[in-house]
Amino acid sequence: MKPKRGRVMRQQPTEPPDTDGMQFACCINGDGSATAKSWPDVEAWSESHHGLWVHLNKDAPRVRSWLMERSGLSEVTIEALLTHDSRPRAFHGQYGFVTILRGVNTNPGAEEEDMVALRMWSDGKRLITLWDEKLKTPLDIQSRLMDTRNGPKTIAELYERLIARLTERIGLTVETLEGDLDAIEVRLETESSPELRREVSDMRRKLADLRRYIAPQREALGSFLAHPPEWFDDANKQRLRESADRTVNYIEEIDSAREQAIVLKDEISNQLAESANRTLYILALISGIFLPFGFVTGLFGINVGGIPGTNNSSGFFVFCGVLLGLLVAQIVIFKRLKWF
């Protein structure tokens, strides 16, 4: 298992209200800051203004109406952005570049490995991002722009930063699952129970689900790097390549964790089987010891004439002595046979 990377705990930004399908909109000022905008500002925006970022709920009626009637996007691009298919992919549209990626699901009551899609379109001047389930990643970037004024300076940098942040959050989830698996391995040294086996099986399921979602993302980022948009400069391409490499590393770490889970499950199964065998072995020894006793006592307990010691007042004690001697003889024989 690879050494764990250190984590930095950050306070999550406050989620802005969703108004008519718009979670937020802002103009990128070019100095790491942004200016909040409203629906009328978005509808009146032109290329002479600063770069525009709009984050929308794709299922809202006003959003669908704006995309189809006033966004200027082609029908094929709009269909790709609004479809329920969230398979990661990246491609050139008629007027811009479309990327659909998946991010960690941090919504209350959701499993982290049940990832949700972030759909992005940009022509280098505008960036439109759409969601059907809310993600923290866009809020993180928006917070840096609006609050700390230390965010992306261009639409291209914003595009790349969103992809990088999605990838970072996936890495945190992979680290969490690896840490949980290591904790189970530590517990295995002191305890062995069917509950541990169920936990390992659940961990394997989570890892398998996470890998199933991340693997196509690697292909999408590879396609992005192979045919990047013309408004992506060399620095953006280099940072995007780092995100793609991290995605490959996360898949390798997941595969390693899955192998570790298989080994742990086998170890737990072996411990449980060994415990059961030990119990059966002890029961067999006890049965082996008392089997001759049962035979002798049954033989002397039959209600027929001629039983030795019937008229002897010391017969019972003699019989107990015989049984004790038989017990000692059995113990000696078992020890010589190394059954004890």
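A: **Buried interior and cysteines**

Cys27 is buried, its relative accessible area being 7%. The structure is a predicted model. Cys320, by contrast, is partly exposed, at 33% relative accessibility. Searching the whole structure for disulfides gives zero. Cys27 accordingly takes part in no disulfide, and the nearest cysteine sulfur, belonging to Cys26, lies 7.5 Å away. That Cys26 sulfur is not a partner for Cys27, because a disulfide needs the two sulfur atoms within 2.5 Å.

Next comes the nonpolar core. The largest one has 30 residues. Trp53, Met120, Leu127, Leu158, Tyr159, Ile163 and Phe224 are the residues with the most contacts inside this core. Two or more residues each are given to this core by the strands β1 (22-28), β5 (97-103) and β6 (116-122), and by the helices α4 (136-148), α5 (155-188), α6 (194-226) and α7 (234-300). The largest share, seven residues, comes from α5.

Leu127 shows what such a position touches. Leaving aside residues up to four places away in sequence, Leu127 touches Leu52, Trp53 and Val54, then Met120, Trp121 and Ser122, and also Ile155, Leu158, Tyr159 and Leu162.

Helix α3 is a further part of the interior. In α3 (residues 75-82), the buried residues are Thr77, Ile78, Ala80, Leu81 and Leu82. Their cover includes the helix α2 (61-69) and the strands β4 (89-92), β5, β6 and β7 (126-131).

Note on methods. Residues are numbered from 1 along each chain as its sequence is written. This is a predicted model: local features need pLDDT of at least 70, side-chain atom pairs count only at pLDDT 80 or more; totals for chains, interfaces and linings use all residues. Side-chain values use heavy atoms; hydrogens and water are left out. A nonpolar core is a set of buried Ala, Val, Leu, Ile, Met, Phe, Trp, Tyr and Cys residues joined through side-chain atoms within 4.5 Å. Buried means under 20% relative accessible area, exposed over 50%, partly exposed in between (1.4 Å probe, protein chains only). Helices (H or I, at least four residues) and strands (E, at least two) are DSSP runs, numbered from the N terminus. Contact means heavy atoms within 4.5 Å.
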